Amino acid sequence: MATIKDSVHDHIEVGGVAEKLLDTPPVQRLRRINQLGTVRMVYPSANHTRFEHSLGVFHLADRALDHLGIEGQQAERVRAAALLHDIGHSPYSHNIESVIYRETGTYHDEVHGLIGRGQVAEILTEEGLNPDRIADLIAGDGELGQLVSGELDVDRMDYLVRDAHHTGAPYGTIDHERLIRELRFVDGTLVLDEGNVQAAESLLLARALMNPTVYQHHVARIAKAMLRRATERTLEAGAADAETIRRMDDHGFHALLRDCEESAEYARMLDERRLYKRSIWAELDAVPDAVLDADHEQRRELEREVAAEAGVDPSAVILDVPSEPSMTESTSRVLVNGEVRRLGEQSTLVSAIRQAQQDQWRLGVYAPEAESDRVGEAAVRTLDLDIEGTRIRDTRPGINATLDEFGG
């Protein structure tokens with residue numbers, strides 16, 4: 001049994017198959033994958049890793065299994081899945097996942113091939129565990145897969161608390177101990193027991209507050225967009241293929257960006273925090289459906305059109321169209337008067353938070369500071385944005401800085 005000191009959960013005891021998996025190369029690689037990627041550009045203390053998070057998820061899964069009375073091989077499968085759930089992440093966590101997916105057709109939680117071979121597969125097989133079944137749990141399949149990947153999963157419980165702790169943003173604070181204690185299965189569905197509507201709401205509210213202030217902060221989004229562009233340039237130059245990149249760590253990948261002529265300038269800008277500025281920061285209602293629904297190639301063409309209209313090099317324009325807001329937590333199940341209900345049907349907070357997410361959504365157009373105004377004016381015309389005064393000038397935060405400006 002290994003005992004590991006953790007900044008969030010204090011001491012974590014790791015035994016059984018999980019202890020044997022700890023020192024395998026795919027798990028140790030997670031020490032070199034930052035949990036929040038470019039969010040470090042805003043919150044300098046957000047230097048925690050996917051390894052720490054994976055330990056936290058293992059710990060909470062272990063606690064949940066004890067509470068639910070699940071033992072034996074079933075429990076060992078879930079513990080292994082909890083520890084291994086993030087080994088499919090590419091460098092910088094989610095930041096370049098969309099680029100990797102376009103090239104490989106695989107997301108980070110599709111890990112059958114990764115854990116079906118090598119040392120991880122050997123250890124699982126020696127312990128009588130089928131690697132394919134572990135991979136299925138990581139993907140959220142089956143009854144117990146809900147613990148690892150679902151509306152009430154221990155993954156979400158750990159990352160909200162951990163990200164809040166390391167950024168210093170208090171919005172992700174939830175009563176994860178109570179959430180674990182109140183879990184139960186009803187007809188194969190993971191639910192929260194009677195009297196826990198507010199506990200379920202806390203998960204939803206925490207994520208809704210963390211999104212605009214941490215995960216979708218405009219500086220983090222700009223840096224992420226530049227990182228994606230650098231990744232695309234590297235792939236187009238043939239400096240590495242997507243399968244190779246997705247198995248790298250942050251350090252090796254950033255070295256690749258520096259060494260590739262086509263991406264080197266982006267790497268230098270990220271190193272020195274010389275980021276593009278917001279030329280446009282437009283609300284959802286101001287953006288035509290044709291822009292919202294455009295695929296990757298169509299968005300690249302729109303960038304070229306904006307650049308031509310502004311009279312700047314195409315590399316000077318980045319169009320950032322996030323997915324429309326979603327709220328998977330609203331489908332969490334809670335017991336109310338003995339009946340299993342979706343949180344969205346029971347909680348009056350859900351509709352308010354859904355509206356807040358719509359209000360917080362922003363389309364971004366980014367450009368170097370010297371071209372920012374020209375690009376903004378061109379983007380309004382080219383993208384047919386229905387806005388008045390949405391073009392903004394990024395300013396350095398001062399004594400009167402708003403929360404949205406912080407870190408800019």
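Q: How many residues lie between strand 1 and strand 2 in their hairpin?
A: This is a predicted model. Strand 1 covers residues 2–6 and strand 2 covers residues 10–14. The two strands form a hairpin. The number of residues between them is three.

Q: Do strand 1 and strand 2 run parallel or antiparallel?
A: Five bridges join strand 1 to strand 2. The direction of the pair is antiparallel.

Q: Why is helix 10 oblique to helix 12?
A: Helix 10 spans residues 154–167 and helix 12 spans residues 197–215. Their axes are 11 Å apart. Angles of 65 to 115 degrees count as roughly perpendicular and those under 35 as roughly parallel. Helix 10 is therefore oblique to helix 12, as they pack at an angle of about 45 degrees.

Q: How many nonpolar residues does the contact of helix 10 with helix 12 have?
A: Helix 10 contributes residues including Met157, Leu160 and Ala164. Helix 12 contributes Leu203, Met210 and Val214, among others. By class, one residue of the contact is polar and three are charged. The nonpolar count is nine.

Q: In which crossing, left-handed or right-handed, does helix 10 pass helix 12?
A: The two helices pack with their axes 11 Å apart. The crossing is left-handed.

Terms used:
Residues numbered from 1 in each chain as written. Predicted model: local features only at pLDDT ≥ 70, side-chain atom pairs only at ≥ 80, totals over all residues. Heavy atoms only, no water. Axes fitted to C-alpha atoms, helices over the stretch in contact; angles between N-to-C directions. Helix = DSSP H or I, 4+ residues; strand = E, 2+ residues; numbered from the N terminus. Parallel < 35°, antiparallel > 145°, perpendicular 65-115°, else oblique. Left-handed = near helix turned anticlockwise from the far one by under 90°. Contact = heavy atoms within 4.5 Å. Nonpolar A, V, L, I, M, F, W, Y, C, P; charged D, E, K, R; others polar. Pairing = 2+ DSSP bridges.
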